[in-house]
Amino acid sequence: MICQLVCLLFISTASPVLSAVPQTVYGDLLANVLNPNTYLKTAMPICNHGEKLHVGQDMILYQLYDLEEPTQMLTVDVWVESTWRDCRLTWDPAAYHNVTSFAVKATEIWHPDLVFFESLHGNFAEALGVLGQSTARVRYDGMMELGSQMLINTFCRVDLRLYPFDKQRCNITFASWSKDNRTFVLRKKVDSGTGADHAFKAASNGAWLVEGFPAFNKIVQRKVGLNESAEPAWFTEVTFQLRLRRKPLYHQAYMVFPCALLTWLALLVYLLPAESGEKIGYVTTLLLSLVVFLLMLADNIPRSGDCVPILGQYFVMCVLLVALANVSTVLSYSLSLRSDEFSPPKLLLACLSLAGLCGLQFRCDGGWRLFTFSRRQLMPSRNGGAKQLSNSDKWRLLGIVCDRFCLLVYGVLCTALTIWIAGFSNETED
């Protein structure tokens, strides 16, 4: 009996406290518009027969983190937002304390099943539920805004033909996985224009410059599932294209310039006299230095079996030029250091007539300069006499002509190669 009286006393004292708890401003509103008896979150918000649900898709680039050429993986920090109108989530603000909007988890309302096809997430569920874990803002007229900031990894097919002076185009495509254009229309939210409004100015990083992030509307025909006999349907898509331009300063300073310097230094081998005995050692050292330099930079060049990058072509041609200088130096030694036992054939002696084309001037005073050598003994004297050179002197003259001729050829090839690689740099700066 005493226990019953205590229980009655407790209930009578607690009931006024419970009844005094006030209702929140949003309580009645949420209970009304999200009533499970009238609102079914698995049904599309199409209230009239024959209508289509129009969804606006937008994405803003906050920061470009990395574009890995070997794996072709793009990592970006973006804000993804979808907007549509749900005709069931409407109310009169005057009836609910002038509340015009409220926020709710995306799992509590219907939201489009959007997916971006270039996803490189660990599982497909992460790519399928792009906005499933975010928060939506609901307005009194039924307009819905569902957005979230996320770090996404997408596949970007990289074209390395012009590396390191290349430009890349990376697409991020959003579409509904199961709803075709008969009931669902996906469009970009606003007119992107040049795409500058879809990317912050500070979105670029040290390796890439963001030139634009425009959006495009597409309609494609595809089948849902793996049933080959199924009839294909038309689906609407929104593609955001990230336009990147590589900053080539790093590659110019640490790859192109050292390689060009070693190639031009090989030109000086043709100015060394054969008697010094340092021609072979000099050009071979340059060739080995260039090869070692290329081996050190091999890890910095993207690996691709589809094409040979511009930088790779330039390195190969530089190695070939220095190797050509090595071969021509051996040929010059073979001509310049022959003894008197070997007489030069008339065909080689006729090559002395090319001396004028090689910038050589024949003098009769016996002087030696950079582009001159003495041929006084071969020139007939005024009294009709002539002095013959020894075979070793003739071979020496042939070696000088060979050096000067190779000097001109190597200089022209090296200049053309430098202008060629510099042309790509100018195009990138423009």
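How many disulfides does a search of the whole structure find? The search finds 2 disulfides, a disulfide being counted where two cysteine sulfur atoms lie within 2.5 Å. Before selecting them, note that this is a predicted model, in which local features need pLDDT of at least 70 and side-chain atom pairs count only at pLDDT 80 or more, while totals for chains, interfaces and linings use all residues. Residues are numbered from 1 along each chain as its sequence is written, and side-chain values use heavy atoms, with hydrogens and water left out.

**The whole chain**

Start with the cartoon view, where the secondary structure comes to 8 helices and 13 strands; these are DSSP runs numbered from the N terminus, with helices being H or I of at least four residues and strands being E of at least two. Of the 430 residues in the chain, 41% are buried, where buried means under 20% relative accessible area, exposed means over 50%, and partly exposed lies in between, with a 1.4 Å probe and protein chains only. If you switch to a surface, the chain exposes about 24,000 Å², and carbon and sulfur atoms supply 61% of that area, as computed by the Shrake-Rupley method with a 1.4 Å probe. Among contacts (heavy atoms within 4.5 Å) between residues at least 6 apart in sequence, 76% join residues at least 24 apart.

**The disulfides**

Select Cys47 and Cys87, which are joined by a disulfide with an S to S distance of 1.5 Å. The link of Cys47 and Cys87 is right-handed, with 75° about the S-S bond. Cys47 lies in the loop between helix 2 (27-33) and strand 1 (53-68), and Cys87 in the loop between strand 2 (73-85) and strand 3 (101-105), so the pair ties together parts that are 40 residues apart in sequence. Cys47 is partly exposed at 45% relative accessibility, and Cys87 is also partly exposed, with a relative accessible area of 22%.

Next select Cys156 and Cys170, whose sulfur atoms are 2.0 Å apart in a disulfide. The link of Cys156 and Cys170 is left-handed, with -75° about the S-S bond. When the bonded cysteines of the chain are numbered in sequence order, the pairing is 1-2, 3-4.

Which cysteine sulfur is closest to that of Cys406? It belongs to Cys402, but at 4.1 Å the two are too far apart for a bond, and Cys406 counts as buried at 15% relative accessibility. For Cys414 the closest cysteine sulfur is in Cys318, at 6.9 Å, again too far for a bond; Cys414 is buried, with a relative accessible area of 1%.

**The annotated transmembrane regions**

Now select residues 253-273, 280-298, 310-333 and 397-422, where UniProt places the feature "transmembrane region" in an unreviewed entry; feature names are shortened, positions follow the numbering used here, and such annotations may be inferred rather than shown by experiment. Over residues 280-298 the chain is 89% helix and 0% strand, with the end C-alpha atoms 27 Å apart. Over residues 397-422 the chain is 100% helix and 0% strand, with the end C-alpha atoms 37 Å apart.

**The largest nonpolar core**

A nonpolar core is a set of buried Ala, Val, Leu, Ile, Met, Phe, Trp, Tyr and Cys residues joined through side-chain atoms within 4.5 Å. In the largest one, which has 89 residues, Leu61, Val76, Leu242, Tyr314, Phe315 and Tyr410 touch the most other members. Helix 8 (residues 391-429) gives the most to this core, with 10 residues. The core draws at least three residues from each of domain 1 (31-246) and domain 2 (250-356 + 390-427), bounds that come from an automatic or database domain assignment. Centre the view on Tyr314 and, leaving aside neighbours within four places in sequence, you will find Tyr314 in contact with Val256, Cys259, Ala260, Leu417, Trp420 and Ile421.

**Two last stops**

Gly212 is in strand 9 (residues 208-212) and is buried at 5% relative accessibility. Val25, by contrast, is in the loop between helix 1 (2-19) and helix 2 and is partly exposed, with a relative accessible area of 42%. Leaving aside neighbours within four places in sequence, Val25 is in contact with His97 and Val99, and the C-alpha atoms of Val25 and Asn98, 73 residues apart in sequence, are 9.7 Å apart in space.
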